[in-house]
Amino acid sequence: MRPLPPPAPHAPSWYAATATLAPERPALRGGTRADVCIVGAGFTGLSAALDLVGKGHEVVLLEAAQVGWGASGRNGGQLVNGYSRDLDTIRARYGVDAERALAGMAQEGAAIIRERIARHGIPCDLVDGGFHAAFTPRQMKGLEAFKKTWERHGLGGLDMVDRAGVGQYVASDRYVGGMIDHLGGHFHPLNYCLGVARAFEAGGGRLYEASPVIDISPLAAGGVEVRTSAGTVRADIVLVCGNAYLKNVLPALEGVVMPVSSQVVVTAPLTPGTVEALMPANACVEDCNYVLDYYRRTPDDRILYGGGIHYGGGDPDDIAADLRPRLASTFPSLAEVPLEYAWSGTFALTLTRIPHIGRLSPSIWFSHGDSGHGVTTTQLLGRLLAEGVHGQRDRFDAFARLPALPFPGGRTFRVPLTRLGAWYYSWRDRLGIS
């Protein structure tokens with residue numbers, strides 16, 4: 001039997017260097033059967049898989065590389081509640097019913113993470129608290145409006161922070177204030193993925209790595225066949241959770257998302273007391289700019305700093321050189337600190353910045369396009385997929401009925417047109433009118 005290639009290695013990230021040990025999982029060979037086949041062992045696929053085995057379904061999970069190999073194991077590790085568009089925008093676009101439905105789920109993703117960590121004993125360095133940092137009085141007004149809208153829906157955990165209070169979260173003079181989300185936080189996302197995968201397998205699920213899907217075909221008798229280079233899965237339903245890494249397996253999904261990469265660096269360990277002085281509360285931080293920066297402490301006394309985006313995916317020529325000026329602007333004392341890790345990850349962006357979830361047929365379901373807000377939203381959407389498969393469709397349909405729009409210019413011009421829009425909003429950020 002011809003040997004299959006090993007799974008692709010993880011990105012050269014601090015997460016991969018500090019990950020818990022994971023078993024070597026086989027690639028799929030030959031034919032097998034399941035109630036549900038899931039494509040993609042990232043946040044969304046793992047979330048759906050764990051819930052489905054808990055509901056008694058026989059589940060096969062296929063991963064092209066390794067568990068958490070894509071954006072799920074490379075992101076900033078920040079638990080940011082809500083969506084990439086605020087509830088007021090959702091109401092204006094889709095109506096009061098959509099706003100009410102999505103508001104009712106806006107904090108559920110982070111709650112799912114905390115519940116699974118506690119239930120399954122997942123070691124992933126969870127820390128509570130997320131600070132939203134404002135550069136301008138206008139951004140402060142936006143945060144105040146955000147808080148007021150959330151409280152109108154009974155959502156709590158938010159407190160405004162004035163300029164004098166910024167220092168308890170970040171020792172930087174860039175910000176005029178901000179907002180602390182006590183229900184936000186940060187964690188080690190790759191270790192979380194590995195922990196959920198272990199729980200899924202302990203519940204009876206089957207997980208195959210190094211098994212990229214090359215075809216998904218409905219069967220005449222009902223159900224679907226999912227094919228890899230060395231095997232097939234026949235299932236009643238397939239959940240497609242590949243996000244930005246589908247590689248045209250389902251062309252019908254390609255036009256409504258665009259791959260976008262974000263970059264992260266991690267410093268060398270800082271001298272004793274330095275990291276505590278820079279970020280005393282150990283809350284993660286993200287700023288309020290259109291192209292934002294995000295950063296946090298790590299348990300081994302480093303600063304993990306992310307920012308910048310590259311439309312169309314791909315890596316800049318020198319990630320560290322791209323991010324060092326941003327790091328130095330926030331923390332001038334770190335301008336010359338060695339950067340020991342630098343990596344990039346790709347997520348899927350929708351034109352509406354609202355996740356795209358739905359069904360292409362009775363047997364082919366999907367979720368993708370979390371638009372930079374995926375850490376918590378994927379947990380929720382994986383759960384909604386599992387609920388829908390189990391026959392509970394109300395919450396799934398609340399998202400599925402929201403329209404998905406193709407990017408202007410098609411696949412040829414969507415990147416330059418989106419870059420032009422991003423340039424406009426970045427220009428507003430620099431002028432302080434965002």
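Author: In this predicted model, a residue is called buried when its relative accessible area is under 20%, exposed when that area is over 50%, and partly exposed in between.

Reader: What makes the pairing of the side chains of Arg302 and Asp300 a polar contact?

Author: The two side chains come to 2.9 Å, and the limit for such a pair of N or O atoms is within 3.5 Å, so the pair is described as a polar contact. When neighbours within four places in sequence are left aside, the residues in contact with Arg302 include Trp14, Val266, Thr267, Arg296, Glu340 and Tyr341.

Reader: How do you know which kind of aromatic pair Tyr15 and Trp343 form?

Author: A pair of aromatic rings is described by the distance of the centres and the angle of the planes. The count of aromatic pairs comes to 13, and one of them joins Tyr15 and Trp343, with 5.6 Å from centre to centre and 65° between the planes. Centres must lie within 6.5 Å, and planes over 60 degrees apart count as edge-to-face, which is therefore the name given to the pair of Tyr15 and Trp343.

Reader: What makes this a pair that links distant parts of the chain?

Author: Tyr15 belongs to helix α1 (residues 14-17) and Trp343 to strand β15 (residues 339-350), and the two are 328 residues apart. Tyr15, at 0% relative accessibility, is buried, and Trp343, with a relative accessible area of 1%, is buried as well, since in each case the value is under 20%. Together with Trp14, these two residues form one aromatic cluster.

Reader: Why is the pair of Phe131 and Tyr169 classed as it is?

Author: The ring centres of Phe131 and Tyr169 are 4.8 Å apart and their planes stand at 10°; because planes under 30 degrees apart count as stacked, the pair is stacked. Phe131 lies in strand β4 (residues 127-134), whereas Tyr169 lies in the loop between β5 (158-161) and β6 (177-186), so the pair ties together parts that are 38 residues apart in sequence. Both Phe131 and Tyr169 are buried.

Reader: How do you know that Arg74 lies over the face of Trp69?

Author: Arg74 is 4.5 Å from the ring centre of Trp69, and the distance limit for a charge over a ring is within 6 Å. Arg359 is likewise placed over the face of Trp365, at 5.2 Å from the ring centre.

Reader: What makes α7 mostly covered?

Author: Of the 14 residues of α7, 11 are buried, among them Leu190, Tyr192, Cys193, Leu194 and Phe200. The elements that cover these buried residues include α1, α2 (43-54), α5 (108-120) and α10 (374-389). The helix, residues 189-202, reaches 20 Å from its first C-alpha to its last, close to the 20 Å expected at 1.5 Å a residue. After α7 comes Gly204, with a positive phi near 105°.

Reader: Why is Cys288 given the accessibility class it has?

Author: The relative accessibility of Cys288 is 26%; this value falls between the limits of 20% and 50%, so Cys288 counts as partly exposed.

Reader: What makes Val238 buried or exposed?

Author: Val238, in strand β10 (residues 231-240), has 0% relative accessibility and therefore counts as buried. Residues up to four places away in sequence not being counted, Val238 touches Cys37, Val39, Ile216, Val224, Val226, Ser363, Ile364 and Trp365. Val238 and Arg359 are 121 residues apart in sequence, and their C-alpha atoms are 9.9 Å apart in space.

Note on methods:
Residues numbered from 1 in each chain as written. Predicted model: local features only at pLDDT ≥ 70, side-chain atom pairs only at ≥ 80, totals over all residues. Heavy atoms only, no water. Polar contact = N/O pair within 3.5 Å; in protein donor to acceptor, adjacent residues only side chain to side chain. Contact = heavy atoms within 4.5 Å. Phe/Tyr/Trp six-rings, centres within 6.5 Å; stacked < 30°, edge-to-face > 60°. Helix = DSSP H or I, 4+ residues; strand = E, 2+ residues; numbered from the N terminus. Buried < 20%, exposed > 50% of the residue type's maximum accessible area, 1.4 Å probe, protein only. Lys NZ or Arg CZ within 6 Å of the ring centre and 35° of its normal. Expected span 1.5 Å × (residues − 1).
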